[in-house]
Amino acid sequence: PQNKIDFALSTGDMVAGQKKGLDYAGMWEAFQNKVTRPLKRSGIALYPSPGNHDAYATRTTEREHYKKSWLAENILSLEPEFQLVPGAKNNYPFYYAFTFGPALFIALDNTNPVPFGKELLDWMELVLEKNKGIKNKFIFGHVPLLPFAFGRESEYNARGSESFLKRMEDLLEQYEVSIYLTGHSHVYYPGHRDGSTLFL
């Protein structure tokens with residue numbers, strides 16, 4: 001028998017935005033029609049995190065299209081095991097946290113290759129603290145914490161801030177995060193830095 005896939009995660013760049021004059025509504029309709037809805041009909045939810053081509057931090061119109069499209073798909077009610085984390089803000093579909101069975105998943109809104117703000121960092125720490133008893137913890141977002149691809153050497157969240165990198169790595173180790181999953185670099189890289197978290 002085949003193993004059942006309960007859900008899928010996206011680390012962003014689902015449409016080719018970040019340009020003026022594009023048909024954003026049309027692009028999102030095409031993506032949902034070709035990807036999200038067929039998965040949904042098979043009982044598989046696709047949980048998103050935004051990429052720079054989907055909902056870049058400073059592009060308000062693109063972010064509105066991203067939000068409207070994902071809210072319309074009503075993914076969060078698809079799986080009965082899915083539970084949004086209580087006691088912490090959930091700003092779906094930008095950043096949010098949920099449990100599924102024995103695992104915690106944290107979606108980040110990190111579309112810009114610079115250290116993300118204190119608000120998001122504090123929120124992530126709060127979610128990890130409230131769920132420290134959960135063994136398996138996964139964080140997924142778009143821009144990687146550190147660079148690992150040729151041609152993308154300057155496109156990472158810890159760029160220019162040793163204090164941000166230290167706080168992030170301390171949190172990953174303190175709360176025993178299993179995997180930190182990102183996109184953007186367009187290469188496959190499974191590896192560790194100094195700690196136990198796998199960067200994928």
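Student: Which hand does the crossing of H4 and H5 have?

Tutor: The crossing of H4 and H5 is left-handed. Keep in mind that this is a predicted model.

Student: What else describes such a pair of helices?

Tutor: Two packed helices are described by the angle between their axes and by the distance between those axes. Here H4 and helix H5, residues 162-174, pack at about 15°, and their axes are 11 Å apart. The two helices are therefore roughly parallel to each other.

Student: Which residues make the contact?

Tutor: From H4 the contact takes Leu121, Asp122, Met124, Glu125 and Leu128, and from H5 it takes Phe164, Arg167, Met168 and Leu171. By class, the residues of the contact of H4 with H5 are six nonpolar, no polar and three charged.

Student: Asp122 is on that list. With which residue does Asp122 form a salt bridge?

Tutor: In general, side chains of opposite charge can pair when their charged atoms come close. The partner of Asp122 is Lys118, and the closest N and O atoms are 2.6 Å apart. Asp122 and Lys118 are four residues apart in helix H4, so about one helical turn separates them.

Student: How many salt bridges does a search of the whole structure find?

Tutor: The search finds 13 salt bridges.

Student: Where are H1 and H3, and at what angle do they pack?

Tutor: Helix H1 covers residues 24-41 and helix H3 covers residues 60-73; they pack at an angle of about 30°, with axes 10 Å apart. That angle makes H1 roughly parallel to H3. H1 passes H3 in a right-handed crossing.

Student: Which residues of H1 and H3 meet?

Tutor: On the H1 side they are Tyr24, Ala25, Trp28, Phe31, Gln32, Thr36, Arg37 and Lys40, and on the H3 side Glu62, His65, Tyr66, Ser69, Trp70 and Glu73. The residues of this contact of H1 with H3 divide into six nonpolar, four polar and four charged.

Student: Now the sheet. What is the order of its strands?

Tutor: Strands of a sheet pair through backbone hydrogen bonds, in either a parallel or an antiparallel sense. This is an open sheet of six strands with mixed pairing, in the order E3-E4-E5-E6-E7-E8.

Student: Which strands stand at the edges?

Tutor: Strand E3 (82-84) and strand E8 (198-199) do; each has a single partner strand, so one side of each is left without a neighbour in the sheet.

Student: In which sense do E7 and E8 pair, parallel or antiparallel?

Tutor: Strand E7, residues 179-181, pairs with E8 in the parallel sense over two bridges. Ile179 stands opposite Leu198 in E8.

Student: Which strands does helix H4 touch?

Tutor: H4, residues 118-130, packs on the sheet and touches strand E4 (96-100), strand E5 (103-107) and strand E6 (136-140). The direction of H4 makes about 170° with that of E5.

Student: Which residues does the cis peptide bond join?

Tutor: Tyr92 and Pro93 are joined by a cis peptide bond, with omega about 5°. Pro93 lies in the loop between E3 and E4.

Notes: Residues are numbered from 1 along each chain as its sequence is written. This is a predicted model: local features need pLDDT of at least 70, side-chain atom pairs count only at pLDDT 80 or more; totals for chains, interfaces and linings use all residues. Side-chain values use heavy atoms; hydrogens and water are left out. Axes are lines fitted to C-alpha atoms, for helices over the stretch in contact, and angles run from 0 to 180 degrees between N-to-C directions. Angles under 35 degrees count as roughly parallel, over 145 as roughly antiparallel, 65 to 115 as roughly perpendicular and the rest as oblique. A crossing is left-handed if the near helix is turned anticlockwise from the far one by less than a right angle, and right-handed if clockwise. Contact means heavy atoms within 4.5 Å. Ala, Val, Leu, Ile, Met, Phe, Trp, Tyr, Cys and Pro count as nonpolar, Asp, Glu, Lys and Arg as charged, and the others, Gly among them, as polar. Two strands pair if DSSP finds at least two bridges between them. A salt bridge is a side-chain nitrogen of Lys or Arg within 4 Å of a carboxyl oxygen of Asp or Glu.
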